[in-house]
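Have the model open as you read.

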Amino acid sequence: MELKIVVYSKSACPQCDTAKSLLKSRGMDYQEILIDDEAERLAFYEKCGPAVRQMPQVFINDQRVGGVTGLQAALKQLGR
């Protein structure tokens, strides 16, 4: 089953780098969307919900799994 993975990130973000490294180490393709502009990032957070205030935000098949911890949990659940 092909997974559609999108990583919303910002430059110079250690957690973003960790999420991308995790996906690369497992040979998983993903699309990265950089949101370096503060206003754009705040608008993105608003769309995600009140609890979202950090990068990265990872989506698998259009479902938000969260940051690094959420990505690890989702990959484990998917057997990846």
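Start at Tyr-8, whose bridge partner in strand β2 is Ile-33. From β1 the chain passes through helix α1 (residues 14-25) to β2, making a β-α-β crossover that is right-handed, meaning that with the strands pointing away from the viewer, the path from the first strand over the helix to the second runs clockwise. Helices (H or I, at least four residues) and strands (E, at least two) are DSSP runs, numbered from the N terminus. Keep in mind that this is a predicted model, where local features need pLDDT of at least 70 and side-chain atom pairs count only at pLDDT 80 or more, while totals for chains, interfaces and linings use all residues. Residues are numbered from 1 along each chain as its sequence is written, and side-chain values use heavy atoms, with hydrogens and water left out.

- Strand β1 (residues 5-9) has five of its five residues buried, so the rest of the structure largely encloses it; buried means under 20% relative accessible area, exposed over 50%, and partly exposed in between (1.4 Å probe, protein chains only).
- Cover comes on both faces of β1: Ile-5, Val-7 and Ser-9 are buried on one side, Val-6 and Tyr-8 on the other.
- With β2 (residues 31-34), β1 pairs in the parallel sense over four bridges; two strands pair if DSSP finds at least two bridges between them.
- With β3 (residues 57-60), β1 pairs in the antiparallel sense, again over four bridges, and here Tyr-8 stands opposite Gln-57.

**Ser-9, a polar residue inside**

- Ser-9 lies in β1 and counts as buried because its relative accessibility is 0%.
- Its side chain and that of Glu-32 are joined by a polar contact of 2.6 Å, a polar contact being a pair of N or O atoms within 3.5 Å; within protein, one must be able to donate a hydrogen and the other to accept it, and residues adjacent in sequence count only if both atoms are side-chain atoms.
- Leaving aside neighbours within four places in sequence, Ser-9 is in contact with residues including Cys-16, Lys-20, Glu-32 and Met-55; contact means heavy atoms within 4.5 Å.

- The largest nonpolar core has 13 residues, and Ile-5, Leu-23, Met-28, Val-58, Ile-60, Leu-71 and Leu-75 touch the most other members. Such a core is a set of buried Ala, Val, Leu, Ile, Met, Phe, Trp, Tyr and Cys residues joined through side-chain atoms within 4.5 Å.
- β1, α1, β3 and α3 (68-77) each supply at least two residues of this core, and α3 gives the largest share, four residues.
- Not counting residues up to four places away in sequence, Ile-5 touches several residues, among them Leu-23, Met-28, Val-58 and Ile-60.
- There's also a second, separate core of 10 residues, which includes Val-6, Cys-16, Val-52 and Met-55.

**Helix α3**

- Val-68, Gly-70, Leu-71, Ala-74 and Leu-75 are the buried residues of α3.
- Looking down the axis of α3, these buried residues fall within an arc of 160°, so they line one face of the helix; the arc is that of the directions from the helix axis to the C-beta atoms.
- They pack against α1, β3 and β4 (63-66).
- Thr-69, Lys-76 and Gln-77 are exposed, on the face turned away from the buried side of α3.
- Gly-79 follows α3 and has a positive phi, near 75°.

- β3 and β4 run antiparallel and are joined by three bridges; Ile-60 has Gln-63 as its bridge partner in β4.
- The hairpin of β3 and β4 has two residues between the strands, and Asn-61 there takes a positive phi near 50°.
- Asp-62, in the loop between β3 and β4, has a positive phi of about 70° although it is not a glycine; this residue counts as exposed at 56% relative accessibility.
- Ala-12, in the loop between β1 and α1, also has a positive phi, near 55°, and is exposed with a relative accessible area of 81%.
- Met-55 and Pro-56 are joined by a cis peptide bond, with omega about 0°; Pro-56 lies in the loop between α2 (38-48) and β3.
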